[in-house]
Amino acid sequence: MLRLSWLPLLALTTCGSPPAHQQGPVRLTVSAAASLREALTEIEPLFEARSPGTDLRLNFGASGALRQQIEQGARVDVFVSAAERPMDELTVRGLVDSATRRVLAGNELVLVVPSAEPSPVRSFAELASPRVRRVAIGAPASVPAGEYARETLRSLGIERAVSGKTVYAQNVRQVLAYVESGNVDAGIVYRTDAAVSGRVRVVAAAPPASHRPVTYMVAVVSSTRYPREARALGAFLLGTESRSVLRRHGFRLPETAPAEP
Amino acid sequence: MTLDWHPLLLSLRVASAALVLVVVAGTLTARAMTGREFPGKDVVDGLLVLPLVLPPVVTGFLLLFLLGRNGPVGSLLERVFGVQLLFTLHAATLAAAVVSFPLMYQSAKAAFQAVDRRLEDAARTLGAGEARVFLTVTLPLAWPGLVAGTVLAFARSLGEFGATVMVAGNIPGETTTIPLAIFFAADAGEMRAAGAYALLISVVCMALVVGLNAWTRRRVPGWRRGGGRRA
């Protein structure tokens, strides 16, 4: 039924701009988790150099929101999610090609505070203290970092104590911005996010057992008009060049490197 | 599906509180700006109407800058009173008030301009003070315009999103008003909740505008007849 509901939409969008096939470069739209901004922006020219005639358009946002856009028929070719859940939901509905689905990287969850001034926060447990007035995390329903953060707060038994002062951000980078500006006392982001900002300080890392492992997934969107190029990009993201960029930005990499395309 | 009613209640609280600020400030400012000429009046008028034409997110950005912990107003409030305005319902109220102020101001200004000045002058010759002239002559004559401004400003506050999302944060049950709830629900794929909130706010706003129109139609002929008498 779902397939039926999006097929006409696809047909409509496809006949809207048929010449794209023949003329100009192939434009691949990549919807990717906000935390991948720097790494993917760096990978983009590497891929384009390898695949002349392919032009990447990077669209960053909360994985849950990106998944939602794909469900609503947004024309996206490759999806990179910061968690398994959004990818699972698209897989179940056949909206991503499950054969192309791979684990891209891992990450770590950390507690950050503004580095400009001394902070009373030294651990996750202290978030429950009344001295901490505002805590930012991603909106758990759409932001994986927020979902992981909530799992950690729950496993530490402070979810209740923190919930009344939690500002739910639209994506993990907004959490970072809230902390950078000093408008919240602390925030929970990925270690790689903390690394891109000079204005936050990492005070603690979430115990790995306190939340599900942070798993970045990549897959080709079923409705892509360029399945060949999209698969090539998927393979490139798992390749050596891309891995070294991801590693340099602090992402954890899955054990086995898949074969180069 | 059980709908969380907090966003509606918060929106109503924000819009009501903003309305008090806007009606008082808008009416007095409009009164002060009517029938008075001074250098730079157009610029002042432009500044007062600016939030209407500026993208709300720009207004929100300015408020964020001002109210932030390191901003000029925010740091002052923090130092002197130890309070933080950002990410509170007060910030949402302020955002709604700033954005809806021009609607009240414009309506009130037009209403005051339409008041026959000879009637005010007549009251003055009969010994009425300025306050009395305003309360017993100007205000009753300008009433329909003021009511229209009030309703429009309220409806605008109720649906304020762009400026609000910058300064109110998203704290469910505390600062998540209906527009924010719609935005975050749609982001999370909770389309039924988003749709329900959208329907709710549309019905409320529609009712306000229809109510205003009905009221004006009944009220204005009387107002016109009043004008006819004085002509």
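Among contacts in chain B between residues at least 6 apart in sequence, what percentage join residues at least 24 apart? Hi everyone, the figure is 76%, with a contact meaning that two C-beta atoms, placed from the backbone, lie within 7 Å.

Some housekeeping: this is a predicted model, where local features need pLDDT of at least 70, side-chain atom pairs count only at pLDDT 80 or more, and totals for chains, interfaces and linings use all residues. Residues are numbered from 1 along each chain as its sequence is written, while chains are lettered from A and ligands numbered from 1 in the order in which they are written.

Staying with chain B, we have ten helices and zero strands, taken as DSSP runs numbered from the N terminus (helices: H or I, at least four residues; strands: E, at least two). Its C-alpha atoms fill a box of roughly 65 × 45 × 25 Å along the principal axes. Of its 231 residues, 39% are buried, that is, with 20 or more other C-beta atoms within 10 Å of their own, C-beta atoms being placed from the backbone.

Now over to chain A. Here an open sheet of five strands runs in the order S2-S1-S3-S10-S4, with mixed pairing; strands pair if DSSP finds at least two bridges between them. The edges are S2 (54-61) and S4 (102-107), each pairing on one side only. Inside the sheet, S1 (26-33) and S3 (78-81) run parallel, joined by three bridges, and A:Val30 has A:Val78 as its bridge partner in S3.

Finally, helix H2 (37-50) of chain A lies across S1 and S2, at about 170° to S2. Such angles, from 0 to 180 degrees, lie between N-to-C directions of axes fitted to C-alpha atoms, for helices over the stretch in contact. Thanks, everyone!

Definitions and conventions
Buried ≥ 20, exposed ≤ 12 C-beta atoms within 10 Å, placed from the backbone.
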